[in-house]
Amino acid sequence: MIYKAIKELGGGINANQQARKIGENQWTTLQQMRSARGVVNNFPGWTNIFAVGTTFVVNGYGTAIDEFELFDGTVFIVMADIQKIYSYSAINKTLTDISGSAIFSPTMDDPWISFQYKDVYYITNKKDGLYSWSGAGNVAATANAPKMRAATIVKDHILGCDYQFGSGADHPQGIAWCAEAAVTTWTAASNNDAGAFDVDDTPDLCLTIEPLGQDSAILYKERNIIPITWIGGNEVFARKQAIPGIGILGTDGIINLGDEHIIMGNDTFYVYRGGNDINGEIAIRIRDKVYPRLHPV
């Protein structure tokens with residue numbers, strides 16, 4: 001009788017249910033699991049990239065991890081915590097402190113932002129300013145450069161946002177750039193094209209700046225997206241109000257894919273490819289899985 005009942009029920013399983021299908025709400029609890037071709041297996045464990053006794057976060061928490069490749073093909077991994085910057089050796093699986101005597105002070109709200117220019121690695125935050133590293137020795141402060149929240153390269157100019165020169169006036173809504181191919185020349189003069197301007201027509205603050213295409217960088221504020229375009233001549237850079245009312249949630253709330261940016265806005269995710277249009281379709285399936293879990297602060 002029991003056998004007959006089981007047989008009538010389809011062998012004890014739901015015959016209409018795909019055997020390997022996992023419910024949508026189950027993915028959030030699949031710890032130590034991996035999936036491929038419809039099959040879910042135990043994850044085989046983690047491999048420590050450090051030698052025994054080496055810890056990445058020596059002080060507090062991590063504030064940067066970047067790959068830096070020289071023109072000759074040499075590759076470095078640069079890491080940072082809340083006080084120091086390190087170079088990682090994949091051969092020895094150890095960290096080398098490249099901070100020298102400097103003690104830095106990045107935070108989660110003001111992390112290190114990096115970029116590469118002319119075979120040199122640059123890294124900046126608003127508290128410590130702009131530093132460079134060539135792959136040997138220690139990082140070095142870039143003379144005359146302002147302290148900037150974020151920076152990038154456009155047409156041989158370092159272009160930074162939310163800047164301050166020394167103890168001078170703070171420009172949390174400002175853009176500053178060095179002279180062409182002169183990373184230590186930041187004061188505008190008749191014989192160079194360094195300069196600066198404020199984007200203060202709206203009260204929201206600058207959070208980051210990322211290159212897009214060959215001639216432009218995109219300034220992301222809290223509630224605005226503004227292309228900064230190289231035009232040369234006396235003006236050097238021009239700005240354009242492109243996307244009002246949409247910004248990014250934080251300095252790290254962006255992924256640059258070269259010809260497009262994926263950003264984490266205040267209410268959802270977007271794809272921005274330049275111009276006056278922004279696409280929010282990427283967020284259709286993921287928005288409700290992310291934003292309700294964020295701490296309101």
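## Salt bridges and strands of the model

Colleague: At 14% relative accessibility, does Lys126 count as buried or exposed?

Modeller: Lys126 has a relative accessibility of 14%. Buried means under 20% relative accessible area, exposed over 50% and partly exposed in between (1.4 Å probe, protein chains only). Lys126 therefore counts as buried.

Colleague: At which pLDDT do side-chain atom pairs count in this model?

Modeller: Residues are numbered from 1 along each chain as its sequence is written, and side-chain values use heavy atoms, with hydrogens and water left out. This is a predicted model, in which totals for chains, interfaces and linings use all residues, local features need pLDDT of at least 70, and side-chain atom pairs count only at pLDDT 80 or more.

Colleague: How many strands are there in the protein chain?

Modeller: Helices (H or I, at least four residues) and strands (E, at least two) are DSSP runs, numbered from the N terminus. The chain has 297 residues, 39% of them buried. It holds 2 helices, and its strands number 23.

Colleague: How many residues apart in sequence are the parts that Lys126 and Asp162 tie together?

Modeller: A salt bridge is a side-chain nitrogen of Lys or Arg within 4 Å of a carboxyl oxygen of Asp or Glu. Lys126 forms one with Asp162, and the closest N and O atoms are 2.5 Å apart. Because Lys126 lies in the loop between β8 (120-125) and β9 (129-133) and Asp162 in strand β12 (residues 157-164), the distance in sequence between the parts they tie together is 36 residues.

Colleague: Which strand holds Asp170, the other partner in a salt bridge with Lys126 at 2.9 Å?

Modeller: The side chains of Asp170 and Lys126 meet in a salt bridge of 2.9 Å, N to O. With Lys126 in the loop between β8 and β9, this pair ties together parts 44 residues apart in sequence, so Asp170 is to be found in strand β13 (residues 170-177).

Colleague: What is the relative accessible area of Asp162?

Modeller: Asp170 counts as partly exposed at 41% relative accessibility. Asp162, by contrast, is buried. Its relative accessible area is 5%.

Colleague: Which residues are linked in a network of salt bridges?

Modeller: The count of salt bridges comes to 8. A network of salt bridges links Lys126, Arg149, Asp162 and Asp170.

Colleague: Are Lys221 and Asp204 buried or exposed?

Modeller: Lys221 forms a salt bridge with Asp204, with the closest N and O atoms 3.5 Å apart. The pair links distant parts of the chain, 17 residues apart: Lys221 is in strand β16 (residues 216-221) and Asp204 in the loop between β14 (195-198) and β15 (206-212). Both Lys221 and Asp204 are buried.

Colleague: Which residue in β22 is the bridge partner of His261?

Modeller: Strand β21 (residues 261-264) runs antiparallel to strand β20 (residues 254-256), with 3 bridges, and Asn256 stands opposite His261. Strand β21 is also joined to strand β22 (residues 269-272) by 4 bridges, again antiparallel. In β22, the partner of His261 is Tyr272.

Technical notes
Pairing = 2+ DSSP bridges.
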